[in-house]
Structure formats: C-alpha cells, structure tokens
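Colleague: Hi! Could you walk me through this model while I have it open on my screen?

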Amino acid sequence: MSSVRELARELGLSHTTVSDALRNKPRVKKATRERVLAAAEKAGYRYNPLAGALMSEMRRSSVGVFQGVLAVVDLESSKGRVPGAKRYHSEISEGCREKANELGFKTETFVMGAEHLSVSRLDTILRSRGIRGIILLPASTPNISQLPWEDYAGVYTDYIIEKPALDSVCSDHFRSMVIALRKLQELGYKRLGLVLHEEHDARLLYRWEAAFHMHNEHTPGCEALEPLLLKEFKKEGFAEWFEQQKPDVVLCHRVQAMEWMLELGAKIPETHGFCSLNTRMTDIPVSGLDLCPRLLGRRATELLVGQLHRNDYGVPETASTTTVPAVWVDGPTTRVQD
C-alpha cells in the first residue's frame with residue numbers, strides 16, 4: 001500500500017496537495033482531486049481521516065495529546081419533550097460522553113429541529129471541525145437521509161431507523177417484557193394487565209405487545225387479559241378496561257396509569273401493583289424496568305469508534321441492531337417477595 005508521500009512522488013504533486021485531495025479539501029481543483037483519488041484506488045491506498053486528524057492535532061499541540069470529537073445529534077428539539085423523555089435522552093448522552101472519554105474522545109451535542117440546525121448546516125459544521133462520527137439520539141420520526149453519509153460513520157440509539165438504515169443500539173424490549181412478567185408472577189400476581197399508547201406500541205414494532213401475548217399463551221397459571229391499546233392516553237378508556245378486566249397489576253410506560261388506578265379505588269401495593277416499563281420516565285419511586293439508557297450510549301460509542309478505526313463510513317449494506325435487556329428495579333408499587 002502506497003503512502004501519501006509515495007503517491008505524491010508518482011503524481012508529481014506536493015505532499016500537501018495529495019493530502020488535501022484525499023481529505024476532499026475545497027482548495028484542490030476537481031481534476032487534480034479526481035486524479036489523486038484514482039491513483040490512490042489503483043495503489044490500494046485508503047485514507048484514514050481519523051489518523052490524519054490525529055497527526056494534524058499532534059503537530060499543533062505542544063503536549064502531543066489528542067481527543068477526537070464525536071457528534072451526539074438530537075434530531076428533534078427537546079422543548080416539546082416531557083421531563084421523563086428529557087432525562088432518558090440525557091442519560092444516553094452521558095453514557096456516550098463517559099465511554100468517549102475512556103476511549104480518548106470527547107462528545108459535542110448538536111440539536112436539530114425547526115428552530116435549530118438544518119441538515120446542510122450540520123454537515124458544514126461537522127466538516128469544518130473534522131468530525132466524522134455521529135451518534136443519533138432517539139426520535140419519533142427519524143429522518144436524516146439528506147446528510148452525505150458517505151463521509152460519516154453513524155449509530156442510532158433506538159430500535160429502527162430507515163432513512164438511512166444505520167446500525168442501531170437499543171433496548172431489547174421483547175426480552176425486557178418477559179423479564180418483567182416473570183418477576184411479577186414470582187411476586188404472586190396472576191391477572192397481568194398491559195396498557196400501551198398505540199403510537200408507542202407501533203414505533204417499537206409491537207415488541208412489548210408480542211412478548212405479552214407470547215407469555216400469556218405459553219405460561220401456565222397466567223390468566224390472559226386483553227391488553228389495552230389507547231389511541232389517546234386518557235383516563236376514560238383506561239377506566240372502562242380496568243373495571244372489565246380486573247387486573248391485579250398494571251404494566252405501563254406512563255405513570256399516569258398508576259394515578260388513574262388510585263382514583264379508581266386501587267390501593268398500591270396493598271390491593272394492586274404497578275409496573276413501569278421505563279423507570280427513567282418518572283422521578284416517582286416505582287417498581288419496573290430500567291432500560292439502561294446510559295449503557296445504550298456507552299455501547300453506541302464503542303460501535304462508532306470501531307467504525308472510525310476501520311474507516312467504515314457510509315450507510316451499511318445490511319444494518320445491524322445491538323440490543324441490551326432491561327434490569328428489574330424493586331420499588332414501592334409492587335408487593336414485597338416472600
């Protein structure tokens with residue numbers, strides 16, 4: 001494999017011109033850049049921009065220390081998020097920061113959305129700062145396909161993204177639901193009731209619901225209840241379901257369901273239990289599942305740094321998903337195990 005200096009000698013160009021052409025610097029003429037890239041491909045040379053940035057920074061630094069920068073991109077404004085969602089995103093970002101520091105990098109957060117950065121502006125900023133690695137935070141309708149991904153490596157921290165289809169790190173919702181249901185059965189609950197917002201259920205590709213049905217069908221001693229899927233998360237539909245199905249424990253992503261249970265006469269945990277499907281969504285002590293958002297951020301950062309070290313840029317031919325199971329958290333909204 002030829003070095004930059006060998007390529008420069010072969011082409012009769014300066015080392016700086018060849019280096020700038022490989023880094024797609026605008027000051028190099030298009031014809032010259034194409035000539036350099038063709039020669040580099042023929043020679044089997046592939047420029048490593050991470051290493052290039054490292055050497056440039058070391059030359060500028062009096063101490064010879066460099067930390068690469070990773071972009072943590074929030075595709076939506078946080079203004080409309082409920083406090084629990086803000087905490088969840090913050091935990092993922094903190095996990096990214098922690099792991100990045102351990103691996104010799106630092107992170108910088110960029111917020112998009114109508115009142116923040118456009119895709120083109122984000123691209124300009126990232127290029128000017130030499131940032132090639134991007135971690136995308138969860139979004140309700142993720143779409144960042146206009147970014148020229150051939151120049152970037154990216155990882156998404158939620159279940160699915162199709163525009164573009166990037167590698168993802170997310171909670172294992174199916175397995176996590178099974179963990180919760182088994183724990184609740186161990187605590188003596190028999191009539192397990194699941195309450196979901198339809199939009200949230202669909203966004204997770206129905207994994208919560210699928211695991212719930214599977215458990216009810218294949219677990220002896222479990223009294224199968226029809227899950228409640230709400231188009232609008234309002235008390236009226238919940239109250240009717242609660243009185244008809246008579247669950248002795250309710251599993252729900254939102255703590256409002258527990259408030260409705262109390263208003264309908266339930267005593268928690270004396271007569272009924274409540275299991276949160278994401279304990280990070282509330283600051284009220286509850287029993288349920290910790291989806292480990294900080295760990296998701298750490299795993300995403302590990303994957304991204306690996307991509308950068310391999311020069312693995314662009315949208316993968318086949319996107320992969322790394323899942324992390326939730327951890328059960330004992331709390332005051334379920335019985336104490338005998």
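Colleague: Which residue stands opposite Ser168 in E5?
Modeller: Tyr156 stands across from Ser168 in this predicted model. Tyr156 is a residue of strand E4 (residues 153–156), and 2 bridges join that strand to strand E5 (residues 167–171). E4 and E5 run parallel.

Colleague: What order do the strands of that sheet come in?
Modeller: Going across, the order is E2-E1-E3-E4-E5-E11, an open sheet of 6 strands with parallel pairing. Strand E2 (105–111) and strand E11 (321–324) sit at the edges with a single partner strand each, so one side of each has no neighbour in the sheet. On average, neighbouring strands are turned by 20 degrees against each other, direction ignored.

Colleague: Which strands does H5 lie across?
Modeller: H5 lies across strand E1 (68–74), E2 and strand E3 (133–136), at about 150 degrees to E2. Helix H6 (residues 119–128) also lies across E1, E2 and E3, and its angle to E2 is about 160 degrees.

Colleague: Let's switch to charges. How many salt bridges are there in the whole structure?
Modeller: The search finds 19. One of them joins Arg81 and Asp74, with the closest N and O atoms 2.6 Å apart. Arg81 is buried at a relative accessible area of 13%, and Asp74 is buried too, at 5%.

Colleague: What does Glu98 meet in a salt bridge?
Modeller: Its partner is Arg298, at 3.3 Å from N to O. Glu98 belongs to helix H5 (residues 83–102) and Arg298 to helix H12 (residues 293–309), so this pair ties together parts 200 residues apart in sequence. Glu98 is partly exposed, with a relative accessible area of 21%.

Colleague: And which residue does Arg280 meet in a salt bridge?
Modeller: Arg280 meets Asp290, at 3.0 Å from N to O. Arg280 is in the loop between E9 and E10, while Asp290 is in strand E10, 10 residues apart. Asp290 counts as buried at 14% relative accessibility, whereas Arg280 is partly exposed at 26%. Salt bridges with shared partners put Arg280 and Asp290 into one network with Glu91, Glu98, Lys99, Glu102, Arg294, Arg298, Arg299 and Glu302.

Colleague: On to the other sheet. How many strands form it, and in what order?
Modeller: There are 6 strands, in the order E7-E6-E8-E9-E10-E12. This sheet is open and its pairing is mixed. The edge strands, each pairing on one side only, are strand E7 (228–230) and strand E12 (327–329).

Colleague: In which sense do E6 and E7 pair?
Modeller: Parallel, over 3 bridges, with E6 covering residues 192–197. His197 stands opposite Leu230 in E7. Helix H7 (residues 173–186) packs on the sheet and touches E6, strand E8 (249–252), strand E9 (273–276), strand E10 (287–290) and E12. The direction of H7 makes about 165 degrees with that of E8.

Colleague: Which residues are buried in H11?
Modeller: In helix H11 (residues 256–263), Ala257, Met258, Trp260 and Met261 are buried. They share one side of H11, because they cover an arc of only 160 degrees around the axis. The buried residues of H11 pack against helix H10 (235–245), E8 and E9. Just after H11, Gly265 has a positive phi of about 100 degrees.

Colleague: Are Trp149 and Tyr152 buried or exposed?
Modeller: Trp149 is buried at 3% relative accessibility, and Tyr152 is buried at 1%.

Note on methods: Residues are numbered from 1 along each chain as its sequence is written. This is a predicted model: local features need pLDDT of at least 70, side-chain atom pairs count only at pLDDT 80 or more; totals for chains, interfaces and linings use all residues. Side-chain values use heavy atoms; hydrogens and water are left out. Two strands pair if DSSP finds at least two bridges between them. Helices (H or I, at least four residues) and strands (E, at least two) are DSSP runs, numbered from the N terminus. Contact means heavy atoms within 4.5 Å. Axes are lines fitted to C-alpha atoms, for helices over the stretch in contact, and angles run from 0 to 180 degrees between N-to-C directions. Buried means under 20% relative accessible area, exposed over 50%, partly exposed in between (1.4 Å probe, protein chains only). The arc is that of the directions from the helix axis to the C-beta atoms. A salt bridge is a side-chain nitrogen of Lys or Arg within 4 Å of a carboxyl oxygen of Asp or Glu.
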